[in-house]
Amino acid sequence: TEEWNAGVAIGAWVTGGNLNTARNNLASMGTRDDALTAGGDYSGSPEFFDGTEIYNGTAWAEINNLNTARNQLRGVGTTTASLVFGGDTPPSTGVTESWNGYTWTEVNDLNTARASLESAGNQTAALAFGGSGPTDVTESWNGTSWTEVNDLNTARRFLAGFGTSTSALACGGQTPTVIANTETWNGSSWTEVNDLNTATQQLAGVGSDNTSGLVFAGETPSEVYTAKTESWNGTNWSEINDMNTARRRTGSSGVQPSALAFGGE
């Protein structure tokens with residue numbers, strides 16, 4: 001686990017408490033000091049994991065498992081009110097589960113089953129976009145069910161994203177070539193904006209809306225795992241201080257000034 005603090009010089013990553021179970025391709029929710037993770041891919045048997053852990057700013061604790069073990073899923077929300085969806089069981093699934101701070105409950109599925117997708121929003125107003133295929137499909141969650149809305153301009157999987165259901169950002173990914181393309185969501189449609197400095201897939205992102213965010217880690221077109229970190233100001237990406245440990249498929253929580261990275265490969 002690494003913690004990001006933008007208040008130190010131009011920002012710096014410092015080591016935090018380790019996850020109890022090493023894993024990648026996990027769902028991640030919450031803030032830097034109050035985070036939740038579920039599912040993922042780990043070295044046990046079966047490799048598709050159902051474990052859930054909660055972070056208090058210092059250490060991770062194991063809590064109640066998902067109903068459906070899977071990896072390449074995504075999530076939104078807080079440690080007391082979260083939603084996870086999609087993933088690979090295998091095969092790809094649309095299963096959606098809601099977290100109340102204690103247990104997971106299955107709710108209505110995504111319309112398009114998929115893995116390696118991305119997410120934005122919260123438990124009652126969420127966005128699911130991209131994913132296996134790769135696909136350009138975007139779906140909106142209203143607290144009860146998913147509705148298909150306008151597609152991404154560029155179909156992709158293993159992308160990063162952050163924001164809300166009405167103000168989100170998608171960047172990077174695999175088309176199947178590794179790309180740097182960035183798009184912003186205004187609540188009704190996606191618009192192409194300035195690219196990442198480094199084309200990257202299987203990266204992670206955090207941000208409160210489409211005007212400010214952070215992406216980090218991932219895999220470059222030359223199949224190198226990276227520690228690169230880039231900051232988004234609403235118009236352009238800027239390269240800033242690297243992570244301590246290069247990796248891909250990491251979990252992430254928080255916002256641009258105060259973020260958390262955990263797990264990965």
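User: Quick one before we look around: what does "buried" mean here?
Analyst: Buried means under 20% relative accessible area. Keep in mind that this is a predicted model.

User: Okay. Is Glu219 buried or exposed?
Analyst: Glu219 is buried, because its relative accessible area is 7% and the cut-off is under 20%.

User: What does Glu219 form a salt bridge with?
Analyst: Its partner is Arg248. The closest N and O atoms are 2.4 Å apart. Glu219 sits in the loop between strand 20 (212-216) and strand 21 (229-232), while Arg248 sits in the loop between strand 22 (237-240) and strand 23, so the pair ties together parts 29 residues apart in sequence.

User: And Arg248, buried or exposed?
Analyst: Arg248 is buried, with a relative accessible area of 12%.

User: What about Glu265 and its salt bridge?
Analyst: Glu265 forms one with Arg249, and the closest N and O atoms are 3.6 Å apart. Glu265 lies in the segment after strand 24 (258-262), and Arg249 in the loop between strand 22 and strand 23. They are 16 residues apart. Glu265 is partly exposed at 36% relative accessible area. Arg249 is buried at 18%.

User: Which residues end up in one network?
Analyst: Glu219, Arg248, Arg249 and Glu265 are joined by salt bridges that share partners.

User: How many salt bridges does the count give?
Analyst: The count comes to 11 salt bridges. One of them pairs Arg156 with Glu183, with the closest N and O atoms 2.9 Å apart. Arg156 is in the loop between strand 14 (146-149) and strand 15, and Glu183 is in strand 17, 27 residues apart. Both Arg156 and Glu183 are buried.

User: How do the lining residues divide?
Analyst: For the largest pocket, into 10 nonpolar, 21 polar and 2 charged.

User: And what is the volume of the second largest pocket?
Analyst: About 170 Å³. Its lining includes Thr1, Arg23 and Arg247. Glu265, from the salt-bridge network, is also part of that lining. The lining divides into 2 nonpolar, 5 polar and 4 charged residues.

User: Last topic: how many aromatic pairs are there?
Analyst: The count comes to 11 aromatic pairs. Ring pairs link Trp4, Trp13 and Phe216 into a cluster.

Technical notes: Residues are numbered from 1 along each chain as its sequence is written. This is a predicted model: local features need pLDDT of at least 70, side-chain atom pairs count only at pLDDT 80 or more; totals for chains, interfaces and linings use all residues. Side-chain values use heavy atoms; hydrogens and water are left out. Ala, Val, Leu, Ile, Met, Phe, Trp, Tyr, Cys and Pro count as nonpolar, Asp, Glu, Lys and Arg as charged, and the others, Gly among them, as polar. On a 1 Å grid over the protein atoms alone, a cavity is a set of points where a 1.4 Å probe fits but cannot get out, and a pocket is an open set with protein on both sides within 12 Å along at least five of seven lines; lining residues have an atom within 4 Å of a point. Grid points are joined across faces, edges and corners, and a volume is the space filled by probe spheres set on the points. Rings of Phe, Tyr and Trp (its six-membered ring) pair if their centres lie within 6.5 Å; planes under 30 degrees apart count as stacked, over 60 as edge-to-face and the rest as tilted. A salt bridge is a side-chain nitrogen of Lys or Arg within 4 Å of a carboxyl oxygen of Asp or Glu. Helices (H or I, at least four residues) and strands (E, at least two) are DSSP runs, numbered from the N terminus. Buried means under 20% relative accessible area, exposed over 50%, partly exposed in between (1.4 Å probe, protein chains only).
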